[in-house]
Amino acid sequence: MTKSSRVPRALIVGVVVSLLTMVVTPATASASGSTLVVYAVGHDGSENIDISIGGVVVDSFSPKRATGSFFALPADPGWGSYTYVHSEPFSASDVRLTFTNDAYEPPALLRDVRVDKIVIDGVSFETEDLSVTSRGNWSVARCREVGSFEVDSLFCNGYFQYADTDDTEPSEPQGPVARAGDDQVVIDADGDGVELVRLDGSASADPDGAIVSFEWLEGLQVIATGPTPEIELPVGGHALLLRVTDDDGLVDEIGVLIDVDAPVSGGGSTLVVYAVGHDGSENIDI
């Protein structure tokens, strides 16, 4: 190369920067958009499926030819996958897949498609879900009727319209379970007529949330709150009620008995022995 034919360094740098920009730009766009993966097969391999996002056709593809049994539902026909990257985020309800080139010229040509599912940004939406509407199934009014048929196949020109939600009924919230521990017998140790008692509702639980309130009642009066309060109770029997409320506003209750016994008079203790003898003249030392 002669001196006059050399390419200026500035021009080379500009070309390299431009090429780098061409490579980086698609990755930047996909990072802020959404990725759609379609799992589908065609009977012939020459079928065409248009991908519409928000009512606009943005891409089309020919699904791979089935390697397994195409018609023996629900056998795996050897699903192929096709990936489309959109520059803007979208949801399942924006997606429509349209089969556009049906043909029936047996035995040489027979075009049909099956779509197992779509995956948007890692979240799967099954084509056979009740939330998906379709047209193009030969068994339904010879392809003319539109509805939710829970099928994954199109035997005529038609479409699958996906949805963000499925037909699963929302589950009812489950209530909490109150547990107040075992019944207790305590002694008024110092003989002042009351004794400190620790209540224990810590084993209470809520299967689908959290308990937000613990109330301990005697009669109609709330005498303590919290899962493990300590309270002074007078000598005598106490029928307490633990009432728990969860974050759905559901309530459960359970009772517990607390007996506070007075100390034995004189500060001593009384022993009672229950026994019998064969002759009645036996002696037992204590």
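Q: What should I know about the model and its numbering?
A: The model is predicted: local features need pLDDT of at least 70, side-chain atom pairs count only at pLDDT 80 or more, and totals for chains, interfaces and linings use all residues. Residues are numbered from 1 along each chain as its sequence is written, and side-chain values use heavy atoms, with hydrogens and water left out.

Q: How do strands of a sheet pair?
A: They pair through backbone hydrogen bonds, either parallel or antiparallel. Strands here are DSSP runs (E, at least two residues), numbered from the N terminus. Two strands pair if DSSP finds at least two bridges between them.

Q: Which way do strand 1 and strand 8 run, and how many bridges join them?
A: Strand 1 (residues 34-42) and strand 8 run antiparallel, with seven bridges. Val-41 has Arg-114 of strand 8 as its bridge partner. Arg-114 also stands opposite Ser-153 in strand 11.

Q: Is strand 8 mostly covered or uncovered?
A: Buried means under 20% relative accessible area (1.4 Å probe, protein chains only). In strand 8 (residues 113-120), seven of the eight residues are buried.

Q: What do strand 8 and strand 9 form?
A: They form a hairpin with two residues between them. Asp-121 in the turn has a positive phi of about 50°. Four antiparallel bridges join strand 8 to strand 9 (residues 123-126). Val-119 is partnered by Ser-124 in strand 9.

Q: In what order do the five strands of the open sheet lie?
A: The order is 3-2-5-12-10, with antiparallel pairing. Strand 3 (56-61) and strand 10 (133-135) are the edge strands, each pairing on one side only.

Notes:
Buried < 20%, exposed > 50% of the residue type's maximum accessible area, 1.4 Å probe, protein only.
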